[in-house]
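This briefing covers domain layout, a helix pair, ligand contacts and backbone geometry. Please consult the sequence and the structure shown below alongside the text.

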Amino acid sequence: MNQSIAVVGGGSIGIAWSIVFARAKRPVMLYEPDDARRELAEDDVMRRLRALAAHHLLDEGPEDVAARVELVGELSVAARGVSYVQECAPEDLDVKRSLFRELEALAAPDAVLASSSSAIPPSSIAQAVRDPSRILVAHPGNPPYLLPVVELVPSPFTDTRTLERAHTLLASVGMCPVRVHKEVEGFVFNRLQGAVLREAYCLVRDGVVDPRDVDTVMREGLGRRWAFLGPFETVELNTEGGVDAHATRMGPAYARMGAERGQHDPWTEAMVAQVSSAVQSRFPRDRWRDHVLWRDSALMALEAFRRRTSLLSGPAAAEQANNYPTNSAQGDDTREGGEQ
Ligand SMILES: NC(=O)c1ccc[n+]([C@@H]2O[C@H](COP(=O)([O-])OP(=O)(O)OC[C@H]3O[C@@H](n4cnc5c(N)ncnc54)[C@H](O)[C@@H]3O)[C@@H](O)[C@H]2O)c1
């Protein structure tokens, strides 16, 4: 099968996606219509690759990876006959619609046409094209070469083969694709982030805590576990009896907290059973004690790493240790690299 890839739009996300594909040894055609930005993009690709190399995160030289990214100023040159398109143009529905109309004519007949959109539902884009079955959103974190999760969001018209192809290709370049079953505003990444942010703002508004201490609670508490466990996995390992015991013991308190915010979404028995069974596929409960020991060892490894590198203690500490990655320094020498 034809494996060629086009990235459309050479801004922040387009450059980052190009690095993801090129790092996985896939040649990339990167289309950027603006001449000045195209020139900047070339430097930006190199700067980011050098920073990755300084952290020992490339398995070949940055020049070798960069050589796989070809910057072009014509969409027809970038996308003709390709089998996968990752669109990264500005977040504007009209721009995306007109691009996808061109892309469906240019790309191979069975090509996957994926948008990086953070908020535009794929069905809004799909309405503009003749064959909507090849279109989906593949929404990355920023930058995708450091945050591997990518949300695959189909419209009601997306063919399951499109989803499967996107999933297979993105997994093959080191990403962790997650299937979102239907279009919802914010998809999953931003809805989870939004739930935390909404509560954080309420707590500050109500005088419960200072904003800086919201960040302290997250950075020095929840976030440390969330570096290697999801929220369901966290409660599974926090409570003997796992998710089920946690829901029985803590469910009513969480329901009261939700009610304070006008929310009524009880954790029904069926929902808890579904979550419990999913979590136990990674953490079988008969080994619960072993898994708690694993979690604590992972926290120790994280703490040991934090102590070794001043970068993680914040910009002031990094600056004091002469470890601050400036734009110019990042290119050739992040200094932090030597510490790892
Ligand atoms: N920045 C983020 O954190 C982030 C995260 C996830 C998803 N996204 C999504 O990725 C997409 C791109 O975001 P960004 O932050 O890279 O934006 P950006 O403004 O940095 O880059 C957009 C690029 O597209 C180019 N462009 C303009 N018109 C174009 C056209 N018709 N065809 C092709 N390219 C065109 C611009 O010249 C620019 O270089 C958006 O849909 C955004 O929602 C962004």
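In which loop is Lys-25 found? Lys-25 is found in the loop between helix 1 (12–23) and strand 2 (28–31), where helices (H or I, at least four residues) and strands (E, at least two) are DSSP runs numbered from the N terminus. The model is predicted, with local features needing pLDDT of at least 70 and side-chain atom pairs counting only at pLDDT 80 or more, while totals for chains, interfaces and linings use all residues. Residues are numbered from 1 along each chain as its sequence is written, and side-chain values use heavy atoms, leaving out hydrogens and water.

**Backbone geometry**
- Lys-25 is not a glycine, yet has a positive phi of about 70°.
- The peptide bond from Asn-142 to Pro-143 is cis, with omega near -5°.
- Pro-143 has its place in the loop between strand 6 (135–140) and strand 7 (149–154).
- Most residues other than glycine have a negative phi, and most peptide bonds are trans.

**Domains**
- The domain assignment of the protein gives domain 1 (5–179) and domain 2 (211–339); such bounds come from an automatic or database assignment.
- A distance of 30 Å separates the C-alpha centres of domain 1 and domain 2.

- Glu-236, Leu-237 and Asn-238 of helix 10 are in contact (heavy atoms within 4.5 Å) with Trp-288, His-291, Val-292, Trp-294 and Arg-295 of helix 13.
- The residues of this contact between helix 10 and helix 13 comprise 4 nonpolar, 2 polar and 2 charged; Ala, Val, Leu, Ile, Met, Phe, Trp, Tyr, Cys and Pro count as nonpolar, Asp, Glu, Lys and Arg as charged, and the others, Gly among them, as polar.

**Ligand surroundings**
- Around the ligand there are 23 residues, each with a heavy atom within 4 Å of it; Ile-13, Glu-32, Glu-91, Lys-96 and Ser-118 come nearest.
- Polar contacts are pairs of N or O atoms within 3.5 Å: a polar side-chain atom of Lys-96 lies 2.7 Å from a ligand oxygen atom.
- A polar backbone atom of Ser-12 is 3.1 Å from an oxygen atom of the ligand, and one of Ala-89 is 3.4 Å from a ligand oxygen atom.

Technical notes:
A polar contact is a pair of N or O atoms within 3.5 Å; within protein, one must be able to donate a hydrogen and the other to accept it, and residues adjacent in sequence count only if both atoms are side-chain atoms.
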